[in-house]
Each structure stands twice: as structure tokens, then as C-alpha cells.
Amino acid sequence: MTSFYIGLVVLLAALLLFFISRRQRSAAGLPGGRVVYSDTRAWGKVEKPFFDHELGLAGRPDYLVEHEGRFIPVEVKTGRTPSAPYDSHIFQLAAYCYLVHKNTGKRPTHGIIHYPNRNFAVDYTPELESSLLDMLAGMRIDERRPEVFRSHEDPSRCRSCGFRDVCEQKLA
Ligand code: SF4
């Protein structure tokens, strides 16, 4: 059962990245993020993934911070620090907020995306949750399509893609 879920996590993570650009227009209402200071000493490592059987979703944020009796997920990103969080990172964080809510019974007010030079707090609003659920539902529909077309013209994305070996539309 555990290996099933691990496989599912990997699959969902890959699909999330793969389909994210197709959903960006509908994600125009994403809450964005505000720059915050966060004391990294308060960040606790997460040992085990969270599960949600209803959605068949699992995942593990890099850290959790306890804040006013709630757990706030923290996702650490390497590479260039953007001026605002990428939509794909916001959706990933939203998935962790969803899982934390389902597993602890307490809804996180926000999550944190940590880039090398800046932290962004992203509010976990009902609208963001709804966008996440819509996107996951769309991904499941797309999964059943016999053919899905490439959604970008960026060879660098193909170079780091986990589907590269089997993808007939790869650019690199
Ligand atoms: S190799 Fe490129 S086109 Fe194919 S799935 Fe990956 S990112 Fe998309």
C-alpha cells in the first residue's frame, strides 16, 4: 500500500508540473505571496508523508512550523529567487496546506515558500483550495485522454522532465 502511495505522489508531482502551464490562465486569481521573515530555527522536519484517501493525494512538505496552534507548511526551493512565487510552487504549497488540514483537522492560514533570498507567505484561501481541487480534477480527466499535446516551447523544461525518456514531443 505504501509503495502505491509513493508511486501516486511521484505521479501527481510530475503531472502537476506537466500540466501546470495549461492551467495558468485559470490560476490568474491565485493569491500571490507576501515577503515575510521566518525564523528557520522554528522549522521542524517532516518525517512522514500526509495522505488524503478521498483524493488519492499524498505529499510531504519540507518543514512544518507551529503557529497559533496550527501547522504551517514550508516548501524550500533552490535556484533563482523570483520577484513573486511561481504558480506551480503556489499550487504545490496549496496541496500541502490541504493535506495538513485533512491530517491535523486544523486548516493552515497560510503556507511559506522559501527561496534562497526571500520567503513568501501564501494565504490558503477557500479560492486557492478551490483552484487546487479544480486543477486536480482536470488532471484526472487529462490522464484518461489518449493523447495530450505539449503545452510549451521551452527545451529546458524537457531537459529536467521525468517523462523525457518516453515523451514523443520532447524538445531536448
Ligand atoms: S519531455 Fe518536454 S514535452 Fe515531454 S512531457 Fe516532459 S516537459 Fe513535456
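Three aromatic pairs are counted in this predicted model, where rings of Phe, Tyr and Trp (its six-membered ring) pair if their centres lie within 6.5 Å, and planes under 30 degrees apart count as stacked, over 60 as edge-to-face and the rest as tilted. One of them joins Trp-43 and Tyr-63 in a tilted arrangement, with 5.3 Å from centre to centre and 45° between the planes. This pair links distant parts of the chain, 20 residues apart: Trp-43 belongs to the loop between β1 (34–36) and β2 (44–45), and Tyr-63 to strand β5 (residues 63–67). Trp-43 is buried at 11% relative accessible area, whereas Tyr-63 is partly exposed at 22%; buried means under 20%, exposed over 50%, and partly exposed in between (1.4 Å probe, protein chains only).

Tyr-115 and Phe-120 form an edge-to-face pair, 5.8 Å between centres and 80° between planes.

The chain as a whole has four helices and eight strands, taken as DSSP runs numbered from the N terminus (helices H or I, at least four residues; strands E, at least two). Their order along the sequence is α-β-β-β-β-β-β-α-β-β-α-α. Of the 172 residues, 37% are buried.

Residues are numbered from 1 along each chain as its sequence is written. Local features need pLDDT of at least 70 and side-chain atom pairs count only at pLDDT 80 or more, while totals for chains, interfaces and linings use all residues; side-chain values use heavy atoms, with hydrogens and water left out.
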